[in-house]
Amino acid sequence: MSNVIYATEAHVERQAGPLLTRLSARLLPVLIFFSACAVTSAQQAIKTGPEVGSTLPAFEAPDQNGRVQNLQTILGPKGALLVFYRSADW
Amino acid sequence: MAAISYDSVAELKNFADRKHITYLLCSDSDSKIIRTFGILNETIPADSMAYGIPYPGTYLVDTNGKVVAKFFEDDLKERTPPMEILERVGGARGSTQATVEAKQLRLSSSASTNVVHPNQRVALFLDIDLMPKMHVYAQGVQGYIPIQWHMTETAARFYPVRYPAPEMLRLEVIKETVPVYRGHIRLGEDVVIGTEAQVKPRLNDHGEMVLEGSLHYQACDDRKCYIPETVPVKWTFKFEPLDLERVPAEIRHKPKP
């Protein structure tokens with residue numbers, strides 16, 4: 001079982017690595033924060049936006065280099081993944 | 001792929017430079033997109049620094065901008081691993097860890113990442129190729145031993161194993177119809193890595209986190225059933241502590257006055 005092989009298909013995962021690290025960082029404040037929220041807003045359901053089968057609303061936003069992006073510029077030949085996350089800095 | 005947050009361009013630029021990120025990080029600094037999508041986290045007080053953040057989640061869209069699938073979690077810390085999303089929608093697989101030749105089948109273990117961090121959710125996969133004519137029993141079978149994957153690590157928490165839908169096999173000799181697997185099957189199981197304090201004492205001499213478990217099954221062919229087998233399985237990950245580095249204070253988010 002020692003023959004560890006590292007394949008190359010983890011490309012996306014490797015790219016997303018720093019973001020995930022950031023997402024999982026600073027756990028304690030989050031726990032405290034959400035524990036506090038839980039007291040006042042228990043059972044509040046999360047909102048998940050546009051339903052499967054619907055078309056996304058139009059949007060545009062500058063990227064990290066200040067270039068304005070929209071769905072058309074983001075889309076690749078097979079579509080796209082749009083990831084909404086808390087923040088790159090917290 | 002694009003990742004969208006309420007951060008300013010300056011924060012995203014700093015983060016992308018530091019982490020060598022080349023995919024798109026989009027700045028929705030007034031949370032306009034987040035509101036348009038209807039995913040503003042309304043549990044955050046308006047005077048909080050975090051006001052404007054979304055309920056975190058991922059949309060997979062086709063080339064017409066139609067939503068093909070979406071992934072939102074109740075617990076924001078335990079986000080579905082990107083590789084698992086790709087696996088679910090397109091059969092992508094993670095990095096192969098090991099291949100084991102066992103009796104009546106071949107096992108290949110893989111995972112959504114090679115590096116883990118405290119509290120991270122990781123997808124583990126077991127690809128199983130049964131020898132020709134062999135079958136193993138699926139969950140819910142009566143009177144036979146179903147295939148069962150069990151993990152033992154204490155510094156991690158495991159989600160239930162995802163078993164594929166079985167096929168119903170008619171055994172004429174004994175006049176029974178039983179749920180089985182033949183050919184190739186893939187089992188999946190998510191794991192949430194423990195805290196740094198939990199994981200540190202469990203690391204091996206190379207600073208790696210090793211997750212161990214076993215696969216238990218009884219295989220049969222069209223003539224007979226074989227002795228039940230228990231095959232050890234394991235995954236080895238590089239372990240890295242939490243990333244607590246931040247952007248310079250002057251460009252950080254500030255609570256609205």
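Select chain A and read along its sequence: the elements follow the pattern α-α-β-β-α-β. That comes to three helices and three strands, where helices (H or I, at least four residues) and strands (E, at least two) are DSSP runs numbered from the N terminus. This is a predicted model, in which local features need pLDDT of at least 70, side-chain atom pairs count only at pLDDT 80 or more, and totals for chains, interfaces and linings use all residues. Residues are numbered from 1 along each chain as its sequence is written, while chains are lettered from A and ligands numbered from 1 in the order in which they are written.

Colour chain A by burial next. Of its 90 residues, 31% count as buried; a residue is buried if 20 or more other C-beta atoms lie within 10 Å of its own, exposed if 12 or fewer, and partly exposed in between, with C-beta atoms placed from the backbone.

Now select chain B, which is divided into domain 1 (2-55) and domain 2 (95-239); these bounds come from an automatic or database domain assignment. The centres of the two domains, taken over C-alpha atoms, are 38 Å apart.

Select A:Leu82, B:Ala2 and B:Ile4. These residues have the most contacts inside the largest nonpolar core, which has 32 residues. Such a core is a set of buried Ala, Val, Leu, Ile, Met, Phe, Trp, Tyr and Cys residues joined through C-beta atoms within 7 Å. Strand E3 (80-84) of chain A gives the most to this core, with five residues. Around B:Ala2, leaving aside neighbours within four places in sequence, the contacts include A:Ile74, A:Leu82 and B:Cys26; contact requires C-beta atoms, placed from the backbone, to lie within 7 Å.

Move to helix H1 (9-19) of chain B. Its buried residues, among them B:Leu12, B:Phe15 and B:Ala16, pack against E2 of chain B. The helix is followed by B:His20, whose phi is positive, near 55°.

Finally, display the open sheet of chain B, in which four strands run in the order E12-E13-E9-E16 with antiparallel pairing. Strands E12 (167-171) and E16 (219-220) of chain B stand at the edges, each with a single partner strand, so one side of each has no neighbour in the sheet. Two strands pair if DSSP finds at least two bridges between them; E12(B) and strand E13 (residues 176-181) of chain B have five bridges. Which residue of E13(B) is the bridge partner of B:Arg170? The partner is B:Thr177.

Conventions: Two residues are in contact if their C-beta atoms, placed from the backbone, lie within 7 Å.
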